[in-house]
Amino acid sequence: MSDIAASPPAAGEGRKTSLLRETDRVRKRNAAERRFELYGMAAVGIGLLALAFLLLSILGNGLSSFRQTFVDVPVALDPVAIEEAEASVVKTSRYRDIIEGAFVSALEARGLLEGIDPEEAAGIISEEAPAQFRDYVRANPEAVGRPGEFTFLVNGRIDGFFKGRVTFESAELDGNVTPAQLRLAERLAGAGLIDTRFNWAFFTAPDASGQRPEAAGLGVAILGSAYMMLVVLFLALPIGVAASIYLEEFAPRNRFTDIIEVNISNLAAVPSIVFGILGLAIFINFAGLPQSAPIVGGLVLTLMTLPTIIIATRSALKAVPPSIRDAALGVGASKLQSVFHHVLPLAAPGILTGTILGLAQALGETAPLLLIGMVAFVGEYPDAPPEGLFDPATALPVQVYNWTQKADPAFVERASGAIIVLLAFLVVMNAIAILLRRRFERRW
Amino acid sequence: MTTGTILIALLALAVVGYFLGRGRAVASAGGDVRRLHSLPRFYGLNVALTTLIPALAVLAVGLLALPIWTDLRVGAAIGPSLAGGDAGRQSLLIAQADRLAEGLEGADANVAAIAALDDGALAGAFADAGIAVREGTDPSILRAALARVGTQETGSWMLVLLVGLAGVVGALVALRASGPAFRARNAVERAILGVLILASTIAIVTTAGIVLSMLFETINFLRAYPAADFFFGTVWNPRFSGDSQLGLLPLLWGTMYVSLVALIVAVPVGLLAAIYMSEYAGPRVRAVAKPLLEILAGIPTIVYGLFALVTVGPLLRDWFAQPLGLGNSASSVMTAGLVMGVMLIPFVSSLSDDVINAVPQSMRDGSLGLGATKSETIRQVVVPAALPGIVGSILLAASRAIGETMIVVLGAGAAAQMDLNPFEAMTTITVKIVSQLVGDNDFNSPETLVAFALGLTLFVMTLALNVLALWIVRRYREQYE
C-alpha cells in the first residue's frame, strides 16, 4: 500500500523533464550510441591497419631482393688454365681458382689487399661465380686467350651488408663472414668495384642451393606457375562453362541436379589441402603421373577452381534476360542454338571475369602443391609445353614456402621478394577482371 | 605409339569424316541444300562426333585397363610361391621385375626372341642385351619382366587397333545415315547435351574421388593401427623405425585452440565492421573500405604465413611472451591465431553484411519510431533478427580456420602438445598432414597412411560445419523472403 502512496510524487518528478533537456539516462544512451559507432569504426580501422601492416612488412622485407650486389673482376682467359680446368674432375673448383687468382692480383695491383688474407678476400665472391664463368667460356670459345672483364655476384652475406642485414657486430658472431671481409667490401665499393644494381636474375634464374641465396631466382617457379595456369585455363574454363550451361539452362529440377548443386557448393568449401591428398592418391599413386609436374598441379587446381568458375558463370547466365532466349526460340533456333549463339556471348564478360578471379585464386594456392611433390628442389627449366607439363617444376607460392625453410636469413628477403612478384601478378589479374567488368557489364 | 599420336590421328580422322559427311549429305540431296533436314555442317559434325566419341571412350577404357592387365600378367609370371605369401616380398619382386623391364625397353631388346628361350638361357640373354641381372635371380622374375614388356607392347597395339576400329566404324555408320531424311541437328545437339551433362557430373566425381581415396587409405591405416589409439591417443610421436604413437587428440587440440584464437579476433572485428558498413557508413566510406577489407580475403595464405613467420611471431615473442615469461617460441598458437583472425575478418564481415542488409527496413523503422537509438535498434532488433545468418557466417569462418594450412605450417610450430599457454608452439591436423606426406616415405607405413586418416577427419569436420552453416543461412533467408 505504501508503494502506491509513494508513486504520485514520482510522477510529478517525471513531469519536470523536457525533451530539450538531457537527463542522465538520455546522456548515457547517447554516449552508448557514440561508443557503438566508434567500435564499428575501430573494427574497420583494425582491418585496414592489419592490411596496411601486412603489405608494408612484406614490401619492407622483400623490396631489397630486386637489387643485388655485384663485383667487377678482370679475368684473363688463359687457354692453358681453362684447358686444365676442363680436364679436371671438379671443374668448378678449378675455375674458382682462376677467378680467385685474378681477383686477388687485381686487388693487389690497386693496393686494396691490406689487412686481409688473400683467401679470405676471395671469399667475398659468390659460390655461383665459377659456374657463371664456365658457362661464359663454353658459350664464347673465341674469347679464350683475351683479357676479359667479368661481373660476378658477391657472397650473400656481403650482399646483406650493403642492404643493412649484416653488420660488423653480427659478422663477429657469424662463421660465414668476417669483419675484415666487410671492410674490404667497403673499400671495394669506395673504389667502384662493388655496386648494387637491379637484379634481373631474380626473375629468370632457377632456385639455388642453401649456400648460395644470392643466386636463387624465380625463373622455374614462374614458368611452373604459368604452366599450371595454362592447364587450369584449358580444363576449368570449358568444363566449368559446360557444367554451368547444363545446370542453368537445361537441367530439370530433380534429385540428380540437386546432388550436383550440393556437391558444387560443398567443393567450394573443402579445405585446399584435401585436394592435395586427392591429387596424391588419384593422379600420382593411381594414375601414375610424375611427381612435381605442373600437369598434376594443374589438374588439382582445376578441380579447386571449378566451383568458383561454375558459380560465376551461372550468375552471368542468370543475368541474361529471358527475352533474349525467347526471341531466339521465336525465330526458330533450337534451345542449344539460342544458348550458344545468343546467351553465351552476352554472358561472356561475366564468365571471363569469374575465370580470371578463379585463376588468381589458383595462382596463390600452396598447400595442395606441397603434397604432390612440388617442394622438391628444381634447378632446371621445364621444356616447352606440352612435354614440359610433365617435367619437374615448382610454383611461385611453393617457392616462397621453400625459401622460408632455409636457414640463411638472406632467403627471407628472397621469399618476401617472391611474394611481391606473386602479389603483382594477382593485382594485374584482378585489375583486368575489374576492367572487364566495368567495360562490358551490361545492365538489362 | 603414344596417346598423343593416337589423339592427333583420331582428330585427323574426325576432320576427314566432317568433310565426307557434309559432302555426302549435299550429294544425297542432289546439291539442293533446302531438301536436307538440317544445315550441311550438322551432317559433317555428326560424322565427326560419331568418330570421336566411341573411339575416345575405347581409348579411356583401354588406358585404364592396360596397366591392370599388365600387373596381372606380371603377378601371374612371378607366381605366389616365390614370395611365400608375403605381400611385402611380393611387391619387392614385382619392383625388381619392373626395373628389368625398364632396362629391356631402354636396350631395345628383341623381347619375343628372348622369351622363346628356356629358363636356363634367360639370364645370359639379358646380359647380352646389356642389362645387369643380379646373380641367383629367379628365372620367373625375368619371365615377369618379359611379360611386362610383351604385354605392354601387344596391349598398346591392340589399343591402337581397337580405337581405330571404333573410329572408323562410327564414321561409316554415321556416313551411311547422312541422307535428306536424317535429323542431323537433333543428333548433334543430343551429343552436345551429353557432353554438358558429363561436365556437370565432374563435381560428383571429384567428391567421390576425395572420399574414396581417403577412405581406402584410412581403412588401410586402421588395419595397421588401432582405431581407439588413433582417436583417443594423447601422444603424437611418429617414428620411422616403427612403433609410433599416433594420437589425434593433441592435433585436434591445437587445431581448435588456433581456430578459437582466430575467431576471437575475427568475429568481433568482422561483425562490428559489417554493422558499421551497413548501418553507419556513408556510401563513400563504404565504397572504399569494403573492397579494401575484401582484399584481405584475396591475399594468398602463404603471404599470411610469411607474415606470421617473419613479422608477427618475433614481435609477439619479444614484446609479450618473453617479458611475461610465457615462452621463447616465435611460432605459437597466438601467432597463427592472430594472423588467421585477420584473414577471416572479411569472411565474417561480408557474409554478415549481406544478412544484415537482408533484415527488412520496416523492423528498423518500427524500433526507431518507438524511440530507440540507432545502436539500441541494431543490438536489440537487427542483430537478433540476423542472428541465424551471422551464426552461419561464423561457422563458415570456423570451417575455414580448421582447414587452413599455410598459416599454421609457418606460424604455429610443429610440436604436438596439449597446453593452455597460447604462447607455446602447438600443431594442427593440417600441419601434420603436410609433414607426413611431404618427402619420400614408405607409402604403406602407418606413419604415412595416418595423413589420410587425418585428412578424412578434417574433411568430415569441415563438411559438417559447412552443411550446418548453409542450412542455417538458407532457413534464415526463407524467413524474410
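A:Arg110 counts as exposed, because 12 C-beta neighbours lie inside 10 Å and a residue with 12 or fewer falls in that class. This arginine is found in helix α4 of chain A, which covers residues 91-110. The model described here is predicted. Chain A is divided into two domains, domain 1 (66-199) and domain 2 (219-440), and chain A also touches chain B.

- A:Ala129 lies in helix α6 of chain A, which spans residues 129-139.
- Leaving aside residues up to four places away in sequence, A:Ala129 touches A:Ile99, A:Phe152 and A:Leu153.
- A:Glu100 is 29 residues from A:Ala129 in sequence, and the C-alpha atoms of A:Glu100 and A:Ala129 are 10.0 Å apart in space.

**Strand pairing in chain A**

- Strand β1 (residues 67-76) of chain A pairs with strand β3 (residues 194-198) of chain A in the antiparallel sense, over five bridges.
- Within this pairing, A:Val71 has A:Ile194 of β3(A) as its bridge partner.
- Strand β1 of chain A is also joined to strand β2 (residues 147-153) of chain A by seven bridges, and β1(A) and β2(A) run antiparallel.
- Here A:Val75 stands opposite A:Gly148 in β2(A).

**How the two domains of chain A meet**

- The C-alpha centres of domain 1 and domain 2 of chain A lie 45 Å apart.
- Four residues of domain 1 of chain A are in contact with four residues of domain 2 of chain A.
- On the domain 1 side of this contact, one residue is nonpolar, two are polar and one is charged.

**Transmembrane regions from the record**

- An unreviewed UniProt entry lists "transmembrane region" for residues 38-59, 226-247, 267-289, 295-317, 343-364 and 415-436 of chain A.
- Among these, the span 295-317 of chain A is 100% helix and 0% strand, and its end C-alpha atoms lie 30 Å apart.
- The span 343-364 of chain A is 95% helix and 0% strand, with end C-alpha atoms 32 Å apart.

**A buried helix, α18 of chain A**

- Helix α18 (residues 396-404) of chain A is largely enclosed by the rest of the structure, because nine of its nine residues are buried.
- The buried residues of α18(A) include A:Leu396, A:Pro397, A:Tyr401 and A:Trp403.
- Also among the buried residues of α18(A) are A:Gln399, A:Asn402 and A:Thr404.
- Within chain A, the buried residues of α18(A) pack against α11 (219-250), α17 (367-371) and α19 (410-440).
- From chain B, α13 (301-321) and α17 (406-411) pack against these buried residues of α18(A) as well.

**Where chain A and chain B touch**

- In the contact between the chains, 63 residues of chain B are in contact with 63 residues of chain A.
- Helix α9 (residues 202-224) of chain B gives the most to the chain B side, with 10 residues.
- By class, the chain B side that touches chain A has 42 nonpolar, 17 polar and four charged residues.

Notes. Residues numbered from 1 in each chain as written. Chains lettered and ligands numbered in written order. Predicted model: local features only at pLDDT ≥ 70, side-chain atom pairs only at ≥ 80, totals over all residues. Domains from an automatic or database assignment. Contact = placed C-beta atoms within 7 Å. Nonpolar A, V, L, I, M, F, W, Y, C, P; charged D, E, K, R; others polar. Helix = DSSP H or I, 4+ residues; strand = E, 2+ residues; numbered from the N terminus. Buried ≥ 20, exposed ≤ 12 C-beta atoms within 10 Å, placed from the backbone. UniProt positions renumbered as here; feature names shortened; annotations may be inferred. Pairing = 2+ DSSP bridges.
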